[in-house]
Amino acid sequence: MKVVKTVLVEDEGAALRRLEKLASNISSLNIVGTAKSGRDAIQIINNTKPELILLDIELKDMTAFSVLASLKNSFKGQIVFTTAYNQYAIKAFEVAATDYLLKPYDEKRFSQAITRVIDRHGHLNIQKLTETLKHGFLQTRTSKFEIIEGAQIHYFYSEDIIWIEAQGYYCLIHKLDTTRVLLRKTLKEMELSLPSESFVRVNRSSIINKNYVEKESRNLMHQFFFLKGGFKVKKSSKYLE
């Protein structure tokens with residue numbers, strides 16, 4: 001059986017540990033390095049010469065296309081993207097990459113991506129991939145906004161947030177990549193900071209991203225929104241009139 005030298009690149013610790021666990025369970029993958037930043041990824045890739053990179057689209061210090069641009073023609077393997085982008089953005093560069101994993105993904109979907117890597121032949125066109133990825137990134141990442149928390153300013157993209165719930169004087173942000181962020185802000189303060197075209201307050205303690213509503217349900221007593229990721233949020237007519 002062919003064993004593929006693999007580098008894992010994820011900037012979130014929990015996501016990287018999960019990715020490493022999934023990859024370790026597949027005998028055809030040999031993990032030769034992991035990185036939590038674009039700078040580290042470039043160094044590790046150049047040093048280890050992997051045949052496969054599992055690469056997060058947006059890292060804290062740079063984007064995936066910046067990593068690829070830095071590699072130029074030194075990398076001749078395959079790439080599987082891990083991303084929280086919606087499927088419309090993914091279509092922009094799907095033709096150039098081996099595969100993508102849309103967060104949150106499960107073990108079955110991960111295995112499918114690796115099977116595609118093993119079955120695929122040929123070299124990667126870095127220049128083509130960089131250009132198509134950059135185009136898709138710029139087309140979709142236009143909803144950046146800021147939330148001020150004391151002396152700190154936090155930056156978010158609308159498409160990264162599924163919903164927000166109040167927890168006393170704090171708000172817990174549930175993100176598409178399954179991570180959560182706790183901010184010392186009231187829900188009312190948070191509501192004033194969010195883009196109204198994407199977010200709506202649906203009850204006393206919840207704000208949802210309208211783009212991630214998968215269905216609505218009602219009975220004689222209550223109505224609910226069912227959101228991407230398996231979340232169920234109660235709907236109150238008081239806040240939606």
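Tutor: Let's start with burial: a residue is buried under 20% relative accessible area, exposed over 50% and partly exposed in between, using a 1.4 Å probe and protein chains only. The model is predicted, so local features need pLDDT of at least 70 and side-chain atom pairs count only at pLDDT 80 or more, while totals for chains, interfaces and linings use all residues. Residues are numbered from 1 along each chain as its sequence is written, and side-chain values use heavy atoms, leaving out hydrogens and water.

Lys49 is partly exposed, at 48% relative accessible area. Its backbone deserves a look too: Lys49 is not a glycine, yet has a positive phi of about 50°. Lys49 sits in the loop between α2 (38-48) and β3 (52-56). These names follow DSSP runs, numbered from the N terminus: helices are H or I with at least four residues, strands E with at least two.

Another loop, between β1 (4-9) and α1 (13-24), holds Asp11. Asp11 is buried, with a relative accessible area of 11%. Leaving aside residues up to four places away in sequence, Asp11 touches Lys36, Asp56, Glu58, Leu59 and Lys60; contact here means heavy atoms within 4.5 Å.

Now to the strands, where two of them pair if DSSP finds at least two bridges between them. Strands β9 (residues 170-175) and β10 (residues 180-183) run antiparallel and are joined by four bridges. Across this pair, Cys171 stands opposite Leu183 in β10. Four residues lie between the strands of this hairpin, in which Thr178 takes a positive phi near 80°.

There is also an open sheet of three strands, in the order β13-β14-β15 with antiparallel pairing. Its edges are β13 (213-218) and β15 (231-235); each has a single partner strand, so one side of each is left without a neighbour in the sheet. From one strand to the next, the twist averages 25°; for such angles, axes are lines fitted to C-alpha atoms (for helices, over the stretch in contact), and the angles run from 0 to 180 degrees between N-to-C directions. Five bridges hold the antiparallel pairing of β14 (residues 223-227) with β15, and Phe226 stands opposite Lys232 in β15.

Finally, Ile153 lies in strand β7 (residues 152-157) and is partly exposed, with a relative accessible area of 44%.
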